[in-house]
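Hi everyone, thanks for coming.

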Amino acid sequence: MAPPPDNTGPLDGLRALEMGQLIAGPFCGQLLGDFGAEVIKIEQPGRGDPMREWGREKSGGESLWWPVVARNKKCITVNARETAGQEIIKDLVAQSDFLIENFRPGTLEKWNLGYEVLKEVNPGLILIRATGFGQTGPYAYRAGYGAIGEAMGGLRYVVGSPDRPPSRMGISIGDTLTASFSCVGALCALHARQSTGRGQVVDSALYEAVLNVMESLITEFDQTGFIRERTGAILPNVAPSNVYPTSDGEHLIAANQDTVFARLAEAMERPELAADTRYMDHNSRGRHQTELDDLIGGWTATLSSDALGELLNRHGVPNGKIYTAPDMLQDAHFKAREAIIKVAHPSFGELAMQNVCPKLSSTPGSVRWCGAELGEHNEDVYRGLLNYSEEKVSALRDAGII
């Protein structure tokens, strides 16, 4: 296994404090850390982030999610509920660029760590606040988990089959979207700081992050009264774009552009379909979506998935298998681009996980280590970064502050 690259990414030299827990805050910290920022994760002594225990599958009782979401982070313990702990956080803020938190609005203020206090300590601080409903508005102080934001933002209503209740994605997509938008906001604020010299608050609401990926859903209703409904594996009036049967499984084909559909017709040895008035353009195919899918499905069912893929690739038709983790680990393209890497781990030897995305040509990000133990970097941060004396560190430890 190759050692971590020397170049740690374009954010090398920046420092982020992560006070959040679970997903929305920590995934934002993961993104910053992947691209080279020094991320110091602050956890409650003796307890830590619940993500240390989360995940559907465990190995030897250890979470397999924690090593991913906490990668590239230094882990320290601080009791932010105590005055001495709040002073430690202020000392860290004085030397940091970002502070990430995803507590309910008012929590930092209750701990005397609100933005008005922290900007006096460090006027350049960028405070990243990820919450269910944002810092303002009548719902601001409601408890808000990812599922609620997905529902309120419109995603849950359109996911699933039309004859079933609303479904959910198999991942915590609302939280990771919020974290991603938080990271975008943080980098925008960082750019603004170059000219103003001052930081600001990044207010990232979960329901708004979901809303922002809902395409023209709002505009469609505003102009025509149309409400999108659940449509299963298809998008209405976008055809052909579906999962089709093969002799040994299923295969996804997306050929809804006119020129691409013509290439699909050639692959099917039915070139006349591209000139058929029922299928000759986007709108026509949309009106005859069901019969077109039936026609294509009848053809794909006669081929294996591999044979179908090879044929469609020769004709330049977008297609692919529906991958699971084993498919990804075996795929030559994943290997060539190092989309999945092996990272050293003290318990497991090494762990496979997704690599940094996107790839930068000159200053790429990297995964330098897996999620650390609770308080593993206390000495490094308190004795090194903050230059606390050994006596002070011992006293803080004995008092349960760290």
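This is a predicted model: local features need pLDDT of at least 70, side-chain atom pairs count only at pLDDT 80 or more; totals for chains, interfaces and linings use all residues.

**A walk through two sheet regions**

Let's start with strands β9 and β10, where β10 covers residues 249-254: these two run antiparallel and are joined by 6 bridges.

The open sheet here has 3 strands, in the order β9-β10-β11, with antiparallel pairing. At its edges are β9 (241-246) and β11 (319-320), each pairing on one side only.

Which helix lies across β9 and β10? That is α13, residues 289-300, running at about 35° to β9. Helix α14, residues 305-314, packs on the sheet too, touching β9, β10 and β11. Its direction makes about 15° with that of β10.

Next, let's move to strand β1, residues 15-18. Arg 15 and Leu 17 point one way, Ala 16 and Glu 18 point the other way, and all are buried. In a regular strand, side chains alternate between the two faces of the sheet.

And which strands pair with β1? With β2, residues 38-43, β1 pairs in the parallel sense over 4 bridges, and Arg 15 stands opposite Glu 38 there. To get from β1 to β2, the chain passes through helix α1 (residues 24-34), making a right-handed β-α-β crossover. With β6, residues 98-101, the pairing is also parallel, over 3 bridges, and Glu 18 faces Ile 100.

One last stop: is Asn 378 buried or exposed? Asn 378 counts as buried because its relative accessible area is 12%, under the 20% cut-off. Asn 378 belongs to helix α17, residues 378-385, and its contacts include Cys 75 and Ile 402.

Terms used: Residues are numbered from 1 along each chain as its sequence is written. Side-chain values use heavy atoms; hydrogens and water are left out. Buried means under 20% relative accessible area, exposed over 50%, partly exposed in between (1.4 Å probe, protein chains only). Contact means heavy atoms within 4.5 Å. Two strands pair if DSSP finds at least two bridges between them. A crossover is right-handed if, with the strands pointing away from the viewer, the path from the first strand over the helix to the second runs clockwise. Axes are lines fitted to C-alpha atoms, for helices over the stretch in contact, and angles run from 0 to 180 degrees between N-to-C directions. Lists of a residue's contacts leave out its neighbours within four places in sequence.
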